[in-house]
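Hi,

Here is the structure I promised to pass on. Have a look at it first, and my notes follow below.

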Amino acid sequence: MKIFDAHCDVLSKLLENPELDFVHGSGLDVTLERMLASGIAVQNFAVYLPERYSGDFRYVLESIDLFHERILREPQMRFIRTKTDLRLSSAENRIGALLSLEGVDSLHGSLALLRILHRLGLTSVGITWNRANWAADGVLEPRKGGFTAAGLELIRECNRLGLIMDVSHLAEKGFWELIEASRKPVIASHSNASAISPRMRNLTDAQIRALIASDGVIGITFVPPFVSEEEPVAMDKILLHIEHICALGGKRHIGFGSDFDGIRQWLVGLEHAGKYDRLVNLLLSHYREEDVKSFVFGNWHRFYMEHLPDEIPATVQDAEDGITLGS
């Protein structure tokens with residue numbers, strides 16, 4: 001069964017340790033070998049800067065270079081920037097690779113830098129990590145604020161460019177401001193239900209209903225404390241979050257966003273991407289096959305097919321084809 005995972009931090013680990021082997025080496029939760037073994041068909045790779053690099057745009061570019069040099073260079077991988085790319089990744093039986101940004105700190109309020117990343121293939125933007133930045137407050141910011149004036153400009157520009165906006169890590173006030181201000185649906189790439197595990201990163205029922213109403217998707221994450229307060233956390237506790245979101249009317253809005261390689265604890269039985277098929281088998285023992293296919297692939301796939309651009313903007317494609325602009 002095909003799997004679509006909406007968030008991993010492989011690029012962050014490669015940035016800190018370039019010697020790690022993406023193909024089949026140790027030290028990474030997500031490797032090419034493990035994705036092939038478990039049936040991952042689409043993986044979203046986040047550009048997240050560890051705190052010692054945070055705020056330096058150079059390291060965003062280095063992360064994107066790693067994405068191209070260490071991940072996309074593998075013939076089994078296909079870069080996804082458009083609807084056509086997403087269709088072809090399936091037709092060619094290659095793993096689709098999306099590029100996202102987790103936290104806009106390094107843009108320093110520059111929408112020009114945002115546009116540059118869009119031209120480099122960025123498809124989605126997480127506004128914050130846990131702390132505040134120039135655009136908005138993260139979930140751990142004590143003042144629990146919303147968007148700044150510059151942050152509201154960021155929302156407008158993301159809407160104009162067609163960039164998908166991600167509420168994971170965003171403070172609740174900012175969540176509601178984004179829901180109100182955005183002309184397009186938003187996602188939670190890696191968040192769970194706070195009614196099941198009351199962590200600040202998780203979503204309240206009101207937030208879940210708002211994402212459903214906006215036709216967004218919620219990526220259930222595998223971070224153990226966000227799944228359950230007990231220790232250790234068994235994989236089957238994920239079922240409680242699925243049941244809860246379904247009870248709120250969200251069956252068509254459930255996906256997964258593992259946060260592999262961004263975590264230091266793992267669910268028992270789901271310690272790396274090569275074990276994703278165990279989750280599929282667990283789901284099949286509780287839900288109809290049709291629903292399981294939607295949870296693990298179909299809901300995310302439908303969303304991206306609706307919201308990715310039809311084609312690469314002409315100026316970008318011309319540059320890639322070696323055409324001198326303005327000639």
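Let me start in the sheet: strand β3 (residues 77-79) and β4 run parallel and are joined by three bridges. Met 77 has Ile 95 as its bridge partner in β4. On pairing, two strands count if DSSP finds at least two bridges between them; helices (H or I, at least four residues) and strands (E, at least two) are DSSP runs, numbered from the N terminus.

Before I go on, this is a predicted model, so local features need pLDDT of at least 70 and side-chain atom pairs count only at pLDDT 80 or more, while totals for chains, interfaces and linings use all residues. Residues are numbered from 1 along each chain as its sequence is written, and side-chain values use heavy atoms, with hydrogens and water left out.

Back to β4, which also pairs in the parallel sense with strand β2 (residues 40-47), over six bridges. There, Val 42 stands opposite Gly 96. Strand β4 (residues 95-102) is mostly covered, with eight of its eight residues buried (under 20% relative accessible area with a 1.4 Å probe, protein chains only; exposed is over 50% and partly exposed is in between). Ile 95, Ala 97, Leu 99 and Leu 101 point one way, Gly 96, Leu 98, Ser 100 and Glu 102 the other.

Now the pockets. A pocket is an open set of points on a 1 Å grid over the protein atoms alone, where a 1.4 Å probe fits, with protein on both sides within 12 Å along at least five of seven lines; lining residues have an atom within 4 Å of a point. A volume is the space filled by probe spheres set on the points.

The largest pocket holds about 650 Å³ of space. Its lining has 27 residues, and Trp 129, Asp 261, Gly 262, Ile 263 and Arg 264 are the closest to its centre. Both α1 (10-16) and α9 give two or more residues to that lining.

The second largest pocket has a volume of about 260 Å³. Of its 20 lining residues, Val 139, Leu 170, Ala 171, Glu 172 and Met 200 lie nearest the centre. Helix α7 (residues 172-181) gives the most, with three residues.

Leaving aside neighbours within four places in sequence, Ser 228 is in contact (heavy atoms within 4.5 Å) with Ser 197, Val 233 and Lys 237.

Cheers
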